[in-house]
Amino acid sequence: MKYSKLFPKTLKQTPAGAESINHQLLVKAGFIHQEMAGVYTYLPLGQKVITKISDIVREEMNNAGGQEMLMPALHPGENWKKTGRFNSFDVLFKLKGAGDSDLVLGPTHEEIIYPLLAEYVKSYKDLPLYLYQIQTKFRNEARAKAGLLRGREFIMKDLYSFHTNDDDRNAYYQIMKEAYIKIFKRLGLPALVTQASGGTFSDLSEEFQTPTPSGEDIIYVCESCNSAVNKEVYEGSDCVTCGQKYKETKAIEVGNIFPLKRAYAETFKLNFADSDGEDKIVSVGCYGLGISRVMGTIVEVFHDEKGIIWPESVAPYKVHLIGLDLEDEKIMGEAEKVYKQLQVEGIEVLFDNRIDVSAGQKFAECDLIGIPIRAIISKKTESKLEIKKRNEKTTEFMSLSELINRLSK
RNA sequence: CGGGGACUAGUUCAUCGGUAGAACGCUGCGUUCGGGACGCAGAGGCAGAGGGUUCAAUUCCCUCGUCCCCGACCA
């Protein structure tokens, strides 16, 4: 991508109203644009990051046997009346459809997937099933806040697993938990597995919590064995696993996994004929992960006074190529060559090809956007590239083939 | 949903009773050219909406709306 064509350009000033770090930096650097409280446009750079995060999650869900599908954002109100949540779910967006029918904007998808499965699953031979989607959710939060951390419209991955019995469900729960641990490792985002309450819906749950001062949850972390519990289920002052003292920390909930109670399966008659011929109720697990919240959390955790520092796996581009002295046709020609060659090698590159912009401005914008590797071509670099990593201070000179070599490892 | 703060140019902010000004950004010209350069010229505003007080309201008062923060909420 040539920077001269990229929509939009970065901002020099922080917009009024953007208080949290992720909001400020993501808006300034041109990743998102706020439309109203808790609702954002993902601009081209932001959309690239969302896609990278989604792809990592998708791969791990597929590895765990998940089948991706896409359920509607618009739900029949009737389904929500059946579960009683049409009135009890207090952040539910409700609207009227044709013929004065009640509709709901989906904040979660039990009301869709249970009846869907009830229609198709008839036999133990149809189970187990692991179905997921990456989809936009709507929750009418009393107070949207903190940029992407708490929106009214947000992107979430939700997987629902369906089993013939609780033991099978619990075994799969462990597989999902491992998949989540792997996902956060690949995202480069620290996340602690935290014991939490299950709400009205589950007896227990586990959250994935990223410790950071901007978090709105309070968790207790054992400094000795690294196990953690949410404040909401906290009892006593010692670690339940190893007996050491807990330390209180703020954290952002980036994922939540839990076995579901039987109530919804009963409501929607989600049952099947088991191998013994007996009619049984399906056992269900639910596994959520906030895609857009992860994006905001990464910025909260990885930034400095100059801008964002993306982990390599989710950065919008691998290399930020800066051309200086581009009014010199020879240097422009070389820079174009490097740009094309990187693309041929499959290395995603953002090429700042602007002629009428000062070096200082290009550096400032580069640091703000936060791509992992900065490569400079100028009259100083001769046939080499000047390479600097976003998270390091030192620069080194290397040839294009050396850089390609290093990146392909 | 309770409490607090803020709405003036595309953006960030000044003016705080006499119908608006800067910086950044944008356009043109010139000078610069390794850390968001500089000069000159130019375009760009019914001051969130409505009502009141006043000879006169961006400015004071009220209502509403929107955004941000603290709290409650987060099944």
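Trainee: Where is Ala146 in the chain?

Mentor: Ala146 is in the loop between strand 7 and strand 8 (153-163). Helices (H or I, at least four residues) and strands (E, at least two) are DSSP runs, numbered from the N terminus. This is a predicted model, in which local features need pLDDT of at least 70 and side-chain atom pairs count only at pLDDT 80 or more, while totals for chains, interfaces and linings use all residues. Residues are numbered from 1 along each chain as its sequence is written, and chains are lettered from A and ligands numbered from 1 in the order in which they are written.

Trainee: What is the phi of Ala146?

Mentor: Phi is near 55° there, a positive value in a residue other than glycine.

Trainee: And is Ala146 buried or exposed?

Mentor: Ala146 is buried, with 21 other C-beta atoms within 10 Å. A residue is buried if 20 or more other C-beta atoms lie within 10 Å of its own, exposed if 12 or fewer, and partly exposed in between; C-beta atoms are placed from the backbone.

Trainee: What about Lys269, what is its phi?

Mentor: Lys269 is not a glycine either, and its phi is positive, about 50°. Lys269 sits in the loop between helix 7 (263-267) and strand 14 (271-273). With 13 other C-beta atoms within 10 Å, Lys269 is partly exposed.

Trainee: Switching to helix 1. Why is it largely enclosed?

Mentor: Seven of the eight residues of helix 1 (residues 21-28) are buried, so the rest of the structure largely encloses it. Among the buried ones are Ile21, His23 and Lys28.

Trainee: What covers them?

Mentor: The cover includes strand 1 (32-36), helix 2 (44-63), helix 8 (291-301) and helix 10 (359-369). After helix 1 comes Gly30, with a positive phi near 80°.

Trainee: How many residues are in the largest nonpolar core?

Mentor: It has 98 residues, and those with the most contacts inside it are Ile53, Ile291 and Leu321. Helix 6 (residues 166-187) gives the most to this core, eight residues. A nonpolar core is a set of buried Ala, Val, Leu, Ile, Met, Phe, Trp, Tyr and Cys residues joined through C-beta atoms within 7 Å.

Trainee: Which residues does Ile53 touch?

Mentor: Leaving out residues up to four places away in sequence, Ile53 touches Leu187, Ile291, Val294, Met295 and Val314. Two residues are in contact if their C-beta atoms, placed from the backbone, lie within 7 Å.

Trainee: Last one. What kind of peptide bond joins Phe7 and Pro8?

Mentor: A cis one, with omega about -15°. Pro8 is in the segment before helix 1. Leu127 and Pro128 are also joined by a cis peptide bond, with omega about 0°.
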